[in-house]
Amino acid sequence: MRLAIIAFALGVWLLQRQAALPGAGTLVAMGLAAAATLIAARWLPWKHPGLRLGLVALAFAAMGFAYAAIFAHVRMAESLDARWEGRDLELTGAIASLPQPFDRGVRFEFDVEDASPAEAQVPGRVLLAWYNGLSREEYQEVMPVRAGERWRFSVRLKRPHGNANPHGFDYEASLLERGIRATGSVRPRGTAERLEDFVPRPAYAIERLREAVRERFWDALPEHRYAGVLIALAIGDQRAIEPPDWEIFTRTGVNHLMSISGLHVTMVSGLVAALAMFGWRRAERLALWLPAQKAGALAGFAAALAYCLIAGFAVPAQRTLYMIGVVALALYLDRFSTASRVLALALGIVLLLDPWAVLAPGFWLSFGAVAVIFFVAAGRARQPHWLAQWGAMQWAVTVGLAPALLAMFQQVSLSSPLANAAAIPLVSLVVTPLALLGAVLPVPLADWTLALAHWLLEALMHLLRWLASLDAAVWRQHAPVAWTLPLAFAGVAWLLLPRGFPARALGLLLLAPMLAVAPPLPSSGALWLTVYDAGQGLAVLLRTRNHALLYDAGPSWSPDADSGSRIVVPALRGAGIRGLDALVVSHDDTDHSGGALSVLRAVPTGQLWSSLPASDPITQVPAYRLPCLAGKAWEWDGVRFEFLHPPPAMLADPTEKANNLSCVIKAYAPGGAALLSGDIEARGEAQMVGASGDALRSTVLVAPHHGSNSSSSPAFVAAVAPELAVFAAGYGNRFGHPRPEIVERYRAQGARTLRTDSLGAVEVRIDTDGWSASGYRMRERRYWREF
């Protein structure tokens, strides 16, 4: 059974790696082949049991692949018709999730009951944002919304689309797993009418209850620093945790505790089961009717189910719930099972209910951590002292999950064993029960309980903050090359074998390739560019053999989120770039400078070039700051860099527009040249054409101002005469960038055009024998990604 479930999971995972879904004929053929294989494995005489097991594994892998494909076909069929993208619609439906307030409005999932016009094909569930306005003219009052309310909204929708970058978060996959097939916003000054206070459905009642608990915590802990952590522990609302706190939790490896973890579910279930058995044994008639142990098992499962429902039913909670369910069923039926069989059954149930769970890092880390614990704890000749066993478990989980953490996040917390040794007992056995009590007790008692939980959490944070501040708290490196990962997992398993097993240290040799084999580098004289998909903003990485320069750092979306921390830093880390030799912030515009502070804080940077005013906060960060004046040049690894704009007189002119002060840099490589021009407009272009003339001619041009018609004048396009023009623009942006007439202007000049909004991050390689270009969506195709 265990082999069959693992093979089934492998098939599900393989389907989620496909660029396109298989057709109905292929699925029927796979089903017939799987059935024939199982029959052959069961009835034909096999001399070697391994062959029979191999056939069974192959059959179940095919079944997993086909099962996931059928689910995917059904979900992909429910999509927004492209004809209705960006058009005004009127939707009637219910608020289906816990509303998430942010600095400019509120975001929530919406179950669509009716759409107008009637011919509009709208998915059953969409994600809506209600903004208070992006400008003074668009300002609107955002009314309070609650889960379960029925509303009528005027909206504009778009198909699922997220930024697509190397080592970045796959937003489209996340939406697919949640069953959200369109996103959009409530229109300014359009219809926004509450029709009913509550739609009586169980799912909405649970969300309303979660919302009531969150409001109780906010009321009890006003202005308390870690109230959001307690909310996350009680109802699984991870968005309530402040980003700086998440950074501390990640660096210390306790982030799994600061939401609904399997440990918390187990603790609640065990506590309720113990109380149920205690009371059951004292009721003679009940004990005669049903043994106390069975009653406790049922009560524990019921408690785990209730906790998981109010906590949002995340994968770690699901895994624990199903494991508790299997154990409870075994106890009830007097049929006991091994730990590995219980874990395998939980794995199978998760994937049967949610084939997209394999896309979430939490799936692999959750099941992986439990598998490591079972591997280390099972079959030992003698049990060590509990304290030694506790330390061994922390060590085993840290080492056992290291390859997965490096593959997914390119970092492993080295302070995790010490941090978890202190945090697990305090958070799971004290803080979480207090938070849950605070959710159900009467108000005066709840306030005291929550205040005590917050005080204990605050004390723990002093330790975690100190551990996170250590230079050696985290091991960071490049993303492992794919072929090194199987060797690394084998090495980990070898290292974690029982004490006394010969040559356990040889496992380190199997780990060595993952740590030592680095991603490819440009050759001497080559220039590689990556134009990141940063929405309506710009961030470009230029690499030579031994140097890296970042040109702009993309936009800032909110005080807590920007493209520097969400896109650029993970991409640099995944590529193995430990530091930047230079950062160029082209001009004073948050679409270009919004992520710069995050980059400067996270990545050691040699020089900061910019046209920013001296008062800008970016210029206050310790770095070697220089103005990007025309004529400044240097050479790295056979590639020459030169600023062509702005000239000193223009930079000193206080009346000049910030766009026309954009730092324009050209990189000359033996195989071609690249020109990056920020948001320079027609006046600045004319100045450059007059001053630089033929020096503007380049193989690759990152088009100025996202393809706006205020830039890319005919004279400038003719002077540059690019073979490739790359447009960095946001999907469906309200400016209409890049403008069709501008795109056509470059094509008329003979240039090939690529766009980040349709292709994701665009990678250009200028080698000594020519250039090549491709988009991330082209290289990493998945059936849910459009381009």
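Biologist: Which residues of α6 meet residues of α16?

Modeller: In this predicted model, Ala227, Val229 and Leu230 of α6 meet Leu450, Ala453, His454 and Leu457 of α16. Contact means heavy atoms within 4.5 Å. By class, the α6 contact with α16 has six nonpolar, one polar and no charged residues. Ala, Val, Leu, Ile, Met, Phe, Trp, Tyr, Cys and Pro count as nonpolar, Asp, Glu, Lys and Arg as charged, and the others, Gly among them, as polar.

Biologist: At what angle do the axes of α6 and α16 cross?

Modeller: Two packed helices are described by the angle and the distance between their axes. Here, the axes of α6 (residues 227–235) and α16 (residues 443–469) come within 10 Å and cross at roughly 110°. That makes α6 roughly perpendicular to α16 (65 to 115 degrees).

Biologist: How many disulfides does a search of the whole structure find?

Modeller: A disulfide is a covalent bond between the sulfur atoms of two cysteines. The search finds one, taking a pair of cysteine sulfur atoms within 2.5 Å as a disulfide. Cys628 is joined to Cys663, with S to S 1.9 Å. The link of Cys628 and Cys663 is left-handed, with -70° about the S-S bond.

Biologist: Are Cys628 and Cys663 buried or exposed?

Modeller: Both Cys628 and Cys663 are buried (under 20% relative accessible area, with a 1.4 Å probe and protein chains only).

Technical notes: Residues numbered from 1 in each chain as written. Predicted model: local features only at pLDDT ≥ 70, side-chain atom pairs only at ≥ 80, totals over all residues. Heavy atoms only, no water. Axes fitted to C-alpha atoms, helices over the stretch in contact; angles between N-to-C directions. Helix = DSSP H or I, 4+ residues; strand = E, 2+ residues; numbered from the N terminus. Parallel < 35°, antiparallel > 145°, perpendicular 65-115°, else oblique. Buried < 20%, exposed > 50% of the residue type's maximum accessible area, 1.4 Å probe, protein only.
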